[in-house]
Amino acid sequence: MAEKTVAKADRTEHVYDAYQWRLLETKRKLAEEIMGALEAGGLQSAIHGSVARGDVEDDSDVDVLVPVTVPSYQIELCLTRRGQRLFSRVVTQATPGHSPKAHMYLNPEETASVTFPLLKFKRLEHEFYKFGGMIDLKGLRSDRRAGGVTKRLTLIEPTEKGHFESQVIGRESEVARIVGVSPDIVKERVRVLTRRDRIGRTGVFLVERLPEGEQFEEALKRIIESNPAVRREYLSRRRP
């Protein structure tokens, strides 16, 4: 079930217990292993979401982002050279106007992954990840945590003891300044997530699981040829 957005009237503090710190350490250690493998192959990456912010739960995903288009074989080579195993490959596209994204899942449960765009991100698509909290490998290694916003539209501001929580709705410009993003992405996420609350989750436009042996570039070509909406977006991004 999708999480409902919330409006917190006050800024509240959450102090982490020993279990929360251990859980965060475990998930960040896995993220560091994945990101270190990518760095060894010359690829810059970031961890985003609750692992970057600190407010992790048992089922929080470890999703590493490579924010630029890159040949998929290069990412696979970086990962497998460091002992990572690829269990599945999936292409998703949130809406017809978004970039198709590649997801390489590194465990059977599909809770650890590397994501990268198959078409260059637009500005707001890149800011989407920073909106939720994002840090690079240097920040991860120095135990830094990033402020960001949850899917419930709650602003998380890390502290030494845990984090502060506060509402986003009605404070869009202030939240944009705190997180370091444009007001545009804050307003867009408020619109999308509050609309989801009203009418329910509408699903992702495209989810395509790759058969064994098919590369992401081959899958994208096949999808473009068979899906007019994806083809239009692909052609629009190729125009000067």
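What share of the contacts in the chain with a separation of 6 or more is accounted for by residues 24 or more positions apart? In this predicted model, in which residues are numbered from 1 along each chain as its sequence is written, local features need pLDDT of at least 70 and side-chain atom pairs count only at pLDDT 80 or more, while totals for chains, interfaces and linings use all residues. Side-chain values use heavy atoms, with hydrogens and water left out. Residues 24 or more positions apart account for 64% of these contacts, a contact being heavy atoms within 4.5 Å.

The secondary structure of the chain comprises nine helices and eleven strands, taken as DSSP runs (H or I, at least four residues, for helices; E, at least two, for strands) and numbered from the N terminus. The radius of gyration, computed over C-alpha atoms, is 18 Å, close to the 18 Å that the globule rule (2.2 Å times the number of residues to the power 0.38) gives for 240 residues, so the chain is as compact as a globular protein of that length. Along the principal axes, the C-alpha atoms fill a box of roughly 50 × 40 × 35 Å.

Helix 8 (residues 216-226) has F216, A219, L220, I223 and I224 as its buried residues. Seen down the helix axis, these residues fall within an arc of 135°, so they line one face of helix 8, the arc being that of the directions from the axis to the C-beta atoms. An α-helix has 3.6 residues a turn, so residues three or four places apart point the same way. On the other side of helix 8, K221, E225 and S226 are exposed, whereas the cover over its buried residues includes helix 3 (72-81), strand 4 (88-93), strand 5 (101-105), strand 6 (112-117), strand 11 (206-209) and helix 9 (228-238).

In helix 6 (residues 172-179), the buried residues are E172, V175, A176 and V179. Viewed down the axis of helix 6, they fall within an arc of 105°, so they too line one face of their helix. Just after helix 6, G180 adopts a positive phi of about 90°. D197, placed in helix 7 (residues 183-199), is partly exposed, with a relative accessible area of 21%. Between D197 and F164 there are 33 residues in sequence and 24 Å in space, C-alpha to C-alpha.

Terms used: Buried means under 20% relative accessible area, exposed over 50%, partly exposed in between (1.4 Å probe, protein chains only).
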